[in-house]
Amino acid sequence: MQFGDIERFLIEAEATNVGPQLLPQLQTIFSDPKRLINLKLELAITIDVAEHFVKATYFLEGNGALVLSCYEKLHAVARACQAPHFPNVHAVAAAIAEENHGQNVAVLEQAKACVQPVLDWFLRKFNVQLYNRVLVFKAARYVCPVRVQWLKPTQQSVEALQVFTFLDDDGIINGVKAELPAYLVSTEDVVINTEERKVKWWHDHKDQLPHWAFAVKKVLLVQPSSAAAERHCERDMRVKSTTSGRHLSVRRRLFTKRNTDHNDGSEEDYEANDPGEGEVSEDYANKMYME
């Protein structure tokens, strides 16, 4: 649905008695020119600003070696907050200016003022409160075989990897420094389009770059969000639930069959004679299920 469809929706909603409590409030907004302008501006500014957050969040809540690309996503959002671009707001302001030429600048400033506290809050989070955490993801770029080509780290700059507590060891860092020239040569002109293939690249080069490979294994354990782990746990819970249900069904059939001499095998009789969990071993139930 586009914004122009809302008025038609309100007419149809009134005719079909949809949302009788909310509908009068929407009709009041649409009948008031000033409130209608404010609504259009708020929707436009929300789209312009939220787009960057939504794209970054969608990526960072995905699967795979996201730690290798996390900093770029966060930095892109920060840049968008520092120098925001408002194409939808400008379009709304231009439409308003056609009706009232003196309102164009005022409308733009009104929209920007509406969202500026949000932008300031995120920049404060990014640059101050979460600064040390951001440094972790910034350092993680060195173990990306694609980004390292344009980062061109030196032996001094790779010391940034010590921001990871598990790499804050002179032996590990010295080994990484010693292998740095070979690492840079190995990554020349490497083109990799997916995070999974970056991991495979490291698998293929683990013998050539053992110290870097050791560091990569540790760094890849760091994830920018818990979404992937939550999905994995949820999937495991569904599998366990399905498996438990299957075992219960097997146990039910086995017990019913075993007691046919004592009852007619009905559900009521089963419930009355059910020995409870554990009477039929899981291995035995699986064996019988396969048979």
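**Helix packing and confidence in a predicted model**

Colleague: At roughly what angle do the axes of helix α1 and helix α2 cross?

Modeller: This is a predicted model. Helix α1 covers residues 6-16 and helix α2 residues 23-31. Their axes come within 11 Å, and the crossing angle is roughly 145°.

Colleague: How many nonpolar residues does the contact of α1 with α2 have?

Modeller: On the α1 side are I6, E7, L10, A13 and E14, which meet L23, L26, Q27 and F30 of α2. By class, two residues of this contact are charged and one is polar. The nonpolar residues number six.

Colleague: Is K198 buried or exposed?

Modeller: K198 sits in helix α10, residues 195-204. Beyond its neighbours within four places in sequence, K198 contacts L68, S69, C144, P145, V146, R147 and I192. Buried means under 20% relative accessible area. The value for K198 is 4%, so K198 is buried.

Colleague: Within what arc do the buried residues of α11 fall?

Modeller: In helix α11 (residues 210-219), the buried residues are W212, A213, A215, V216 and V219. Seen down the axis of α11, they line one face of the helix, because they fall within an arc of 160°.

Colleague: Which helix has the lowest confidence?

Modeller: The mean pLDDT of the protein is 79, with 76% of residues at 70 or more. Helix α9 has the highest confidence, at 96, while the lowest mean, 35, belongs to residues 282-290. Where pLDDT is low, the predicted coordinates should not be read in detail. The helix with the lowest confidence is α14.

Notes:
Residues are numbered from 1 along each chain as its sequence is written. This is a predicted model: local features need pLDDT of at least 70, side-chain atom pairs count only at pLDDT 80 or more; totals for chains, interfaces and linings use all residues. Side-chain values use heavy atoms; hydrogens and water are left out. Helices (H or I, at least four residues) and strands (E, at least two) are DSSP runs, numbered from the N terminus. Buried means under 20% relative accessible area, exposed over 50%, partly exposed in between (1.4 Å probe, protein chains only). Contact means heavy atoms within 4.5 Å. The arc is that of the directions from the helix axis to the C-beta atoms. pLDDT is the predictor's confidence in each residue, from 0 to 100. Axes are lines fitted to C-alpha atoms, for helices over the stretch in contact, and angles run from 0 to 180 degrees between N-to-C directions. Ala, Val, Leu, Ile, Met, Phe, Trp, Tyr, Cys and Pro count as nonpolar, Asp, Glu, Lys and Arg as charged, and the others, Gly among them, as polar.
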